[in-house]
Amino acid sequence: MPTVEELYRNYGILADATEQVGQIRRQAIKELPQFATGENLPRVADILTQLLQTDDSAEFNLVNNALLSIFKMDAKGTLGGLFSQILQGEDIVRERAIKFLSTKLKTLPDEVLTKEVEELILTESKKVLEDVTGEEFVLFMKILSGLKSLQTVSGRQQLVELVAEQADLEQTFNPSDPDCVDRLLQCTRQAVPLFSKNVHSTRFVTYFCEQVLPNLSSLTTPVEGLDIQLEVLKLLAEMSSFCGDMEKLETNLRKLFDKLLEYMPLPPEEAENGENAGNEEPKLQFSYVECLLYSFHQLGRKLPDFLTAKLNAEKLKDFKIRLQYFARGLQVYIRQLRLALQGKTGEALKTEENKIKVVALKITNNINVLIKDLFHIPPSYKSTVTLSWKPVQKVEIGQKRASEDTTSGSPPKKSPAGPKRDARQIYNPPSGKYSSNLGNFNYERSLQGK
């Protein structure tokens, strides 16, 4: 393929005058769509895609407009040029071409993005997804999930299968490999919004129960400041609501139950004088327990006699003692939090200190509701709670999510490396006798990580 400069010369557009090169290049870009006819169109699309690498804002804007104009002439031909560079072009061209698709496709009218065009996008995207970075994968999921033809149940199911393939759920999970852990989290984050009562999360939930939960304490991550264990438990909790029929339900429910027990301690032994025999009270990790208890509650609905028929009497008695101990501490902190927030409204609730208290109250209230369900005889799974990190929103029919600004004429800049999601603070109340030291409850410290 000739270079862009050679093509300009062939068209009689490029001049030798160095001082006029910038203006001439811009004029050339404006006029290139005129040559986008018949067999030339994919070639022109290829040239324009290469020109996305420019760092000149004005030129970059012209390239975007030119690509959009030929898109409206022949969407399939334009996609041919774009995907050719995504698959075979330089890294910077590939990156900019993907970002072009992720931001501009949704601006095109339905008469341009026909069903046939969307099928071509899906087909070509599958080729690219065979070898992508984490960031590229996220962008392609954004592209594909925005296609009208994939808004159906079957379309969403296709996307879930794509994500599952990318997550490599057939392979044994390696908790000590940061790349393996990161890939699973990235893929699961993309899958979660796709799950519904008709598009089940069973395959992912099964993998988490069988492969990830047993290795929870061994997980490694390259992301500084991210509580990887909490991140995994949050994802499992969100997916558990949409789990369908599970092949090894009892086995996986037992694994989830055993992990829950690790975070629900037995009460400390008391000496003859009524004081603790040990030096420290058990540490209650409310954020972890919220996730695990919610997941157990969701899956437990599918096997409601698990606690009564599948556990022996000693195991059930042990669990109820743990529940009772946890609930006793829970009630104290709920009262303290409510007292601290009493009478506060508007701006007063927006301070960092009070935001922490509000989240803590959501967490403790959720756990309280779920524990009450499990104390029923027989245990009940009827209560519904909203996970503490999920916003409670009323979405009007037909309401669309806020979209990113796609009007900028500046070349995209690489975002700085950092955590892929905000690390949520963990609610860990201070240890010590429940009845003492409550007046000095440090709310900021109570939500810090382990």
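This is a predicted model: local features need pLDDT of at least 70, side-chain atom pairs count only at pLDDT 80 or more; totals for chains, interfaces and linings use all residues.
Colleague: How many contacts beyond four places in sequence does the model have for residues 13-19?

Modeller: There are ten, and pLDDT stays under 50 over this stretch. Contact here means heavy atoms within 4.5 Å, and pLDDT is the predictor's confidence in each residue, from 0 to 100. Residues are numbered from 1 along each chain as its sequence is written, and side-chain values use heavy atoms, with hydrogens and water left out.

Colleague: What is the average pLDDT of the chain?

Modeller: The average is 83, and 80% of the residues score at least 70.

Colleague: Why is cysteine 180 called buried?

Modeller: Buried means under 20% relative accessible area, exposed means over 50%, and partly exposed lies in between (1.4 Å probe, protein chains only). Cysteine 180 has a value of 10%, so cysteine 180 is buried. Cysteine 291, at 0%, therefore counts as buried too. Over the chain of 450 residues, 49% count as buried.

Colleague: How many disulfides does the rule give?

Modeller: The count comes to zero, where a disulfide is a pair of cysteine sulfur atoms within 2.5 Å.

Colleague: Why is aspartate 168 called partly exposed?

Modeller: Its relative accessible area is 30%, and so aspartate 168 falls in the partly exposed class. Aspartate 168 lies in the loop between helix H9 (153-167) and helix H10 (178-191). Its phi is near 60°, a positive value in a residue other than glycine.

Colleague: How many helices and strands does the chain have?

Modeller: The chain comes to 18 helices and zero strands. Helices (H or I, at least four residues) and strands (E, at least two) are DSSP runs, numbered from the N terminus.

Colleague: What describes the packing of helix H16 (residues 313-341) against helix H17 (residues 352-375)?

Modeller: Their axes come within 9 Å and cross at roughly 145°. Axes are lines fitted to C-alpha atoms, for helices over the stretch in contact, and angles run from 0 to 180 degrees between N-to-C directions.

Colleague: Which peptide bond is cis, with omega near -5°?

Modeller: The bond from isoleucine 377 to proline 378 is cis. Proline 378 is placed in the loop between H17 and helix H18 (443-446).
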